[in-house]
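Dear colleague,

I am handing over the structure we spoke about, and I would be grateful if you could look through it with the notes below beside you.

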Amino acid sequence: MKKPLIALAATCLLTFSPLAAAGVYDDILAAAQQSDTTKVVDLLRRGMDVNTTDPQGNTLLMIAAREKNLELVRFLLDNRANAHKRNRYGDSALMIAALQGHEEIVKLLLERKVEPNQPGWNALHYAAFENRTRIAALLLAAGANVNALAPNGYTALMLAAKRGHVETVRLLVGAKAELNQIDSEEGTALDMATKAKHLEIADFLRKAGAR
């Protein structure tokens, strides 16, 4: 009588294990989104992949960075999470943290030697766009290319100048940003600041040597 029961148990396991796996997958993503670090850690220790991604390609590390969960970011990095993975939109954990202004997470990622330079949009572009001056300074100190071009042809300086971010403009110019890089439609950073009526920035750029 024991063999049929064993066989039945095995059949049930095979039948329900995909559903169970799907449930655990949903659970770990929900826990990460809710900053339930304890639950995420428990599920990882029970065998979930540290690089689990949601349908948009966001890893647990990206979600933790987005939710400003420094504790979970640290745990994931300690357990070999891939910090250079990018989601379907091209964003990395570093880019997400920079965009949202999570300075301590940016600092930790850079301490762990996460590369700030990559093709396309990068963390410095995002920091300049959102006026995250302190984060931009961290990125530059870590070797970020101040003149990297975004997919739309803008440099970080152009983004900051167009959006009126005075302190970030000053930082980038101090980091030897190219003043006269030209976008085929919008012109230089000076042109962008002038068109947007950011007069303080325009005056500063002229004095710095922009044309």
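Predicted model: local features only at pLDDT ≥ 70, side-chain atom pairs only at ≥ 80, totals over all residues.

Residues are numbered from 1 along each chain as its sequence is written, and side-chain values use heavy atoms, with hydrogens and water left out.

The secondary structure comes to 12 helices and zero strands, where helices (H or I, at least four residues) and strands (E, at least two) are DSSP runs numbered from the N terminus. The radius of gyration, taken over C-alpha atoms, is 23 Å, well over the 17 Å that the globule rule (2.2 Å times the number of residues to the power 0.38) gives for 211 residues, so the chain is more spread out than a compact globule. Its C-alpha atoms fill a box of roughly 90 × 30 × 25 Å along the principal axes.

In helix α12 (residues 199–208), I201, A202 and L205 are buried, buried meaning under 20% relative accessible area, exposed over 50% and partly exposed in between (1.4 Å probe, protein chains only). Seen down the axis of α12, the buried residues fall within an arc of 100°, taken from the directions from the helix axis to the C-beta atoms, so they line one face of the helix. The face turned away from that buried side carries the exposed residues L199 and K207. The cover over the buried residues of α12 includes α9 (156–163), α10 (166–174) and α11 (189–195), and just after α12, G209 takes a positive phi of about 115°.

K162 lies in helix α9 and, at 33% relative accessibility, counts as partly exposed. Leaving aside residues up to four places away in sequence, K162 touches Y154, E186, M192, A196 and H198, a contact being heavy atoms within 4.5 Å. The charged end of R163 sits over the ring of F129, 3.8 Å from its centre; the criterion is that NZ of Lys or CZ of Arg is within 6 Å of the ring centre and within 35 degrees of the ring normal.

Finally, W121, at 27% relative accessibility, counts as partly exposed, whereas Y126, at 13%, counts as buried.
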